[in-house]
Amino acid sequence: MKEATSKERKVNINKLERIANQLRIDSLEMICHRQAGHPGGSLSAAEIVATLFFHTMNINPANPEWEDRDRFILSKGHASALLYAALARKGYFSLSDLERWGDLDCHLQGHPDILKTPGVDMTSGILGHGIALGAGLCLAARAKNKSYRVYTLLGDGECQAGIIWEGAMLASKYRLGNLTAIMDYNDVQLDGFVHDIMPMEPLLQKWTAFKWHVIEINGHQVEEIIQALEASKAFHDQPTMIIAHTVKGKGVSFMENKSEWHGKAPTPQQLEQAKAEIGRRM
Amino acid sequence: MANLSQREAFGRALMAYGQESKDVVVLDADTSSSTLSKFFAEAFPDRFYNVGIAEPCLVDVAVGFALGGLIPFINAFSALLSLRALEQIRTCVAYSNTNVKIAAGYAGLSDYKDGPTHHSLIDIGIMRMLPGMTVIVPADTLEIKAWVPVVAEHRGPVFLRLSRAGGEIVHHKEPEVRIGKGFELRKGSDISIITAGLMVSRSLKAADILMKEGISTSVIEMPSIKPIDQELILAAAEETGTLVTTEEHSVLGGLGSAVAEVVTAHNPVPVEKVGIQDVFARTGPDPDSLMDAYGLGVEDICQACYRAITKKKN
C-alpha cells in the first residue's frame, strides 16, 4: 500500500475530527431527547471512537457478524450514546433509530446489548469487563488462526475494579499482542475527580509492571490516536494499553471537568448552547 | 464398573469429549487438580487455560472464547462461581446468552473438610433465577458421562453442578439424558420422591424401606432442574397426591422450591422438602456423616414421606 502523502493525512485527520464532533452532537441530542444518559464520558471519548470506527478497525457494517472483523468492546458501557451514534453514522442501522433510544420497541438499550443491536460485539454496562472479555476473544482468535484485533475502551474510574487487573495479568501471561485497550483518562468519575475518589497513579508504571506495552497520548489529538493504534499492531507478544489523556465533557464549556455531567441530561436550552459551541469547532 | 467420585467421572468424561470435539476449550482457576480438569489439561495442553485465582476473570475469558466460536468449559468451586463470579455469569453469560459451560465442582456439602466457607448450598437457587440458564445436577458416573456431550452441544449457557464426592450407582447403563427431562426410576402409587444428585441413591434406599412397610413409593430423578420436567412432576402429583423432594441444597430456592412452584400453579398437593434447613452447616469428617447430620439421611427422607402422606388430601 502506498504511503499517504502529508496532504492526504491532513484531510483524513480533518475528516475524523469532524466526525468526532458530529458524534458529540449526536450523543447530546440523544441524551437530551431521552433525558437520560452519560454526556461527560461520551464527549471525552469522541475522537477515540471516531478514529476506531472510521479509520482503524477492519469492519463491515453490511455484515456485522463477519468472522474476521476486528472487535470492539465498549467496556465503559455508559458511553453508549457515543457508540450508538458511531454505529448509526457507520451504517449499521438507521440514524432515525437514535431518536428512539430507550423506547420499549427500540433495539438500543440503556447500555450496549450484543443480542439486540447490530455492530455491538459485546454487552457491557457493569464496569470492569473489557479486558478479560477482550483477552478471551484474543485467545479464541489465536485458537482459530484468525488475525482480527480486539479493541476495548475503558474508563479511568473503571480501572479501580479488581477484575481489570485480573484480566491485565492474564493478557500478559498469554502475550496477547492482538489486544489493544484504550483508557479514556478524563480524571472524572461519578462522585468527583478520580485523583480524589481513588487515586490511580502512577498508571504508566502500573500497566508497565503488568507487562503491557504502554503508550501515553492526548486523546483528543486524532493524529496521536492513529499513531498509537498503529503502533499497538506492531507488538506481537504483548498487549497494548493506550493511556489517552482527555477532558470529561470535552467541547462543551459548562460540562468540561464537571462530575455532575457524568450522568445528567442537558435541557433543550443547554443542548442548543452545547451544539453551538461544538459547531464552531467543525 | 465402580462408581467414581463425581469430579473424577466428569474429569474423565471431559477429557474423552475433548478428543471428539476440537472446539472444546477448558479453563480453570487454579483448582484443576481438585476439579480434575487436569485430565483434560494433560491430554490437550494447548486447549487448557489456567487463569489463576480469579473466578470473575475466568468467566469473562470464557465468554470471549464463546464469542470467538469455541465451546468453553469453566471449572472452579461452585461456591465461588455462584457467588464471586455471579455478576459475570449474570451479565456476560446469561443476559448475553453466550455459549459458556459452567462446571461447578465441590457443590453441596462435598467439600466437608473445608467447612461452610466452601460448602455450596444455595447455588442451584441462584443459578435457577437467571433467565436462560440451564441447571443440571447429575447423580452418578454414567450419567455424568452422558451429560457432557449433551451440555457441550446444547447452544447456550449451562450450569453443571458436580460433587467432590460420589454417591452409589444409580444407573447401570448410560442413561439417555435430555435437558428438561426427568427419569422415573421406580414406580409407586402412595407417594413420589423427587430427587437429584447424591440424594438419588439415598432416596432409593428410603423407598426400599417404605416399600417393606407397605408404602408404594415412586422415585423420580430430576437432573434437569431448569428447565424442569413439569409434565413428570404433575403426573406424579396426580398419581400419588403428595410429594417429597430431596436435595443436597438449601430448602430455599432449589429443587424443592422448583417442584413446589409447578404444583402450586397447576395441582396443589403437599410438598415436603428434605434439604438444608436454611442454616450454615459445619465442618465434618466425611461427606456422608455431614449429610446425615444436616437432615439428609435415609431416615430423614422416610420421616418426610410419613409427614407428606399424613397431609395428603383424600
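Q: Why does A:Arg18 count as partly exposed?
A: A:Arg18 has 14 C-beta neighbours inside 10 Å, so it counts as partly exposed. A residue is buried with 20 or more other C-beta atoms within 10 Å of its own, exposed with 12 or fewer, and partly exposed in between, with C-beta atoms placed from the backbone. This is a predicted model, where local features need pLDDT of at least 70, side-chain atom pairs count only at pLDDT 80 or more, and totals for chains, interfaces and linings use all residues. Residues are numbered from 1 along each chain as its sequence is written, and chains are lettered from A and ligands numbered from 1 in the order in which they are written.

Q: Which helix is A:Arg18 in?
A: Helix α1 of chain A, residues 6-34. Helices (H or I, at least four residues) and strands (E, at least two) are DSSP runs, numbered from the N terminus.

Q: And how far is A:Arg18 from A:Arg100?
A: Their C-alpha atoms are separated by 24 Å, and the two residues are 82 apart along the chain.

Q: Is α3 of chain A buried or exposed?
A: Mostly covered: nine of the eleven residues in 46-56 are buried. Among them are A:Glu47, A:Val49 and A:Phe53.

Q: Which residues have the most contacts inside the largest nonpolar core?
A: A:Val49, B:Leu58 and B:Val61, in a core of 190 residues. Such a core is a set of buried Ala, Val, Leu, Ile, Met, Phe, Trp, Tyr and Cys residues joined through C-beta atoms within 7 Å. Domain 1 (6-161) and domain 2 (183-311) of chain B both give residues to this core, so it lies between them. The domain bounds come from an automatic or database domain assignment.

Q: What does B:Val61 touch?
A: Leaving out residues up to four places away in sequence, its contacts include A:Ala132, A:Leu139, A:Leu170, B:Leu27 and B:Tyr49. Contact is taken as C-beta atoms, placed from the backbone, within 7 Å.

Q: New topic: how many residues of chain A are in contact with chain B?
A: 22 residues of chain A, against 23 residues of chain B. The largest share of the chain A side, ten residues, comes from α5(A). That side divides into 15 nonpolar, five polar and two charged residues. Ala, Val, Leu, Ile, Met, Phe, Trp, Tyr, Cys and Pro count as nonpolar, Asp, Glu, Lys and Arg as charged, and the others, Gly among them, as polar.

Q: Back to chain B, what separates the domain centres?
A: 26 Å, taken over C-alpha atoms. The contact takes 22 residues from domain 1 and 30 residues from domain 2.

Methods: Two residues are in contact if their C-beta atoms, placed from the backbone, lie within 7 Å.
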